[in-house]
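Please look over the sequence and the model before turning to the points below.

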Amino acid sequence: MTLLFWVSALLIAYVYVGYPVILRVWAALCDRPVHLGAGDRATPGVSIVIAAHNEAALLRARVDNLLSLDYPAERRQIIVVSDGSTDDTVDVLRKYGPLVDIVAVEHGGKAAALNAARPCARFEIVVFADARQVFAPDALRELVAPFADPRIGGVTGELLLDCESALFSNRRDTADRRRGHASQLGGVAMDRRVHADRRRSVVSTIADGVGMYWRYEKELRRLESAVGSTLGATGAIYAIRRALWQPLPPDTILDDVLTPMRVVMAGYRVVFNERARAFDRAAIDADAESRRKVRTLAGNYQILWLEPTLLLPWRNPVWIQYVSHKLGRLAVPYALVAAFCTNVPIASTHVIYQATLVAQVAFYLLAGYGAVLEFMSRGEASTAAAEVHAASASTAQTAKGAA
Amino acid sequence: MAVVSRIARVAYTFVMMNCAAVAGLFAAARGRKVWR
C-alpha cells in the first residue's frame, strides 16, 4: 500500500514538475538552435490548407485574414476543403475566384478532408490552419523561416487565447483596420470589444485555469523544441514540408499530433516558433473545455494504435519526451486515484501520510469550490455569450450593408 | 480571497482535465465519434 502510494505520488510529481525541470536543464546544456532563412529562402512557396464543415459564417473573415498577411501573393496558395458543408461555405469561397482553391468532398471528417487537399498543394511548404482563428500579419513569414534549415521538417506556431492576453482584442481590431473595414465598422468594432471584455470577465472561472495550463504547455513545447522536437503541433497554425506529408487514416482525431510525429519519425525536427502567432478564444465554459479535452485525450490514446512504433525507444527519436509528456498525462488520472485511495489507510502510520492526506483533501475541496464558482458564473456567461453573438450578428449585418 | 478563488479555479480545471482523460479513454475504446 505504501509502495503504491509513493509510486503514484512520484509519477504525478515527475509528470508535472520533474519532467519540466529536467527539460529546462537539458535545454540549458544542449540547446539546438535553428538556422533561419534570409532573402528568397525566407519566403518559400506555401500552400495553406483549411478543412471546413459548415463554416460559412467564419470563412469570409478567415480568408480575408490570410489574404492580408505580409507574404508575396505569388508564393501563396489557399486551399479550403469543404467537408460536406450544407451551408453557404462553397458560395462564400467562390466569391474569391482564383484566390482560393476550393475542394468539395462528402462529409468524412477532418482527416479525410485534409487528405483531399493533398494533391492540390503545389508549393513546397504546407501550412495547416483552422477556420476560426486569426493569424498575426507576420505569422506566415515567421512560420516558414525555420525551413531554411534542412534538418527542420515541421514548425508549429503559437496560439494565443484571449484569456492569456488583452492583446487578442487589439490584434483583432488591427486585423479589421488592415482589411479596411474600420471606417465602416467604427462604433460596432468598439461594441464588439466591449462585449468581448464582458465575456472575458464572466468566463474567467475556466479561462483562468485553461490560460495557466496553456502557458505551461507552451513552455514545455518551447523546451522540447530546444532539445530536439515538439511532440505535436497547434492545429491552428503549423507547417510541414510537402514531401513529408503522408495521408492520414480517415478517423484520425489528432492530425496535429500524428502528422508532426510522423515527420519526427522520418528523422526531421519539428520546432516551435513562438513568433508565428494565431489568436483564438478559450472555451466559454467548462463543458466546452471538457469536450475539447476528451477529444484530445481520446486522440492521444488513438495515436498509440495508429503509430505503435512511437513506443519503441530505438525508433522514436523523442521517446523520453513522448513517454514523460504524453503517456505520463494519460497515466496521471489513475495515479491521482491511487494516491488518494492508498493514502487513507496509511494515514495513521506516520505524520507524513497525515500531511499528504490533508493536502489532498484540501486540494479536492478547493477544486469543489472552483466547480461552485464555475456553475455560478455559467448563467452569467450564457447571457454574455448571447450578447456577444448578437453583437457579432449586428457587426456582420453592418459590414454587409457597408459593402 | 481572490488568491483562493484563483487557486480553486486552477484546481477545478486540473481535476476536470483529468476526468476528461478518463472519459477520453472510454471514448477511444468505444470508437465514439468525438472528432467529426
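The points that follow are grouped by topic.

The model is predicted: local features need pLDDT of at least 70, side-chain atom pairs count only at pLDDT 80 or more, and totals for chains, interfaces and linings use all residues. Residues are numbered from 1 along each chain as its sequence is written, while chains are lettered from A and ligands numbered from 1 in the order in which they are written.

**Where the chains meet**

- The contact draws 33 residues from chain A and 24 residues from chain B, two residues being in contact if their C-beta atoms, placed from the backbone, lie within 7 Å.
- On the side of chain A that touches chain B, helix 9 (204-227), helix 11 (286-306), helix 12 (319-346) and helix 13 (351-402) of chain A each supply at least two residues; helices (H or I, at least four residues) and strands (E, at least two) are DSSP runs, numbered from the N terminus.
- Helix 11 of chain A gives the most to this side, with nine residues.
- The residues on this side of chain A comprise 20 nonpolar, six polar and seven charged. Ala, Val, Leu, Ile, Met, Phe, Trp, Tyr, Cys and Pro count as nonpolar, Asp, Glu, Lys and Arg as charged, and the others, Gly among them, as polar.

**Chain B**

- Chain B has one helix and zero strands.
- Of its 36 residues, 47% count as buried, that is, with 20 or more other C-beta atoms within 10 Å of their own, the C-beta atoms being placed from the backbone.

**The largest nonpolar core**

- A nonpolar core is a set of buried Ala, Val, Leu, Ile, Met, Phe, Trp, Tyr and Cys residues joined through C-beta atoms within 7 Å.
- The largest has 87 residues, of which A:Val49, A:Val127 and A:Ile237 touch the most other members.
- Helix 1 (residues 2-29) of chain B provides the largest share of this core, 12 residues.
- Not counting residues up to four places away in sequence, A:Ile237 touches several residues, including A:Phe135, A:Leu143 and A:Leu159.

**Helix 4 and helix 10 of chain A**

- In helix 4 (residues 110-117) of chain A, eight of eight residues are buried, among them A:Lys110 and A:Asn115.
- These buried residues pack against strand 1 (46-52), strand 2 (76-83), strand 3 (100-105) and helix 10 of chain A.
- A:Val257 lies in helix 10 (residues 255-265) of chain A, and A:Val257 counts as buried because it has 24 C-beta neighbours inside 10 Å.
- Leaving aside neighbours within four places in sequence, A:Val257 is in contact with A:Gly232, A:Gly299 and A:Ile303.

Methods:
A residue is buried if 20 or more other C-beta atoms lie within 10 Å of its own, exposed if 12 or fewer, and partly exposed in between; C-beta atoms are placed from the backbone.
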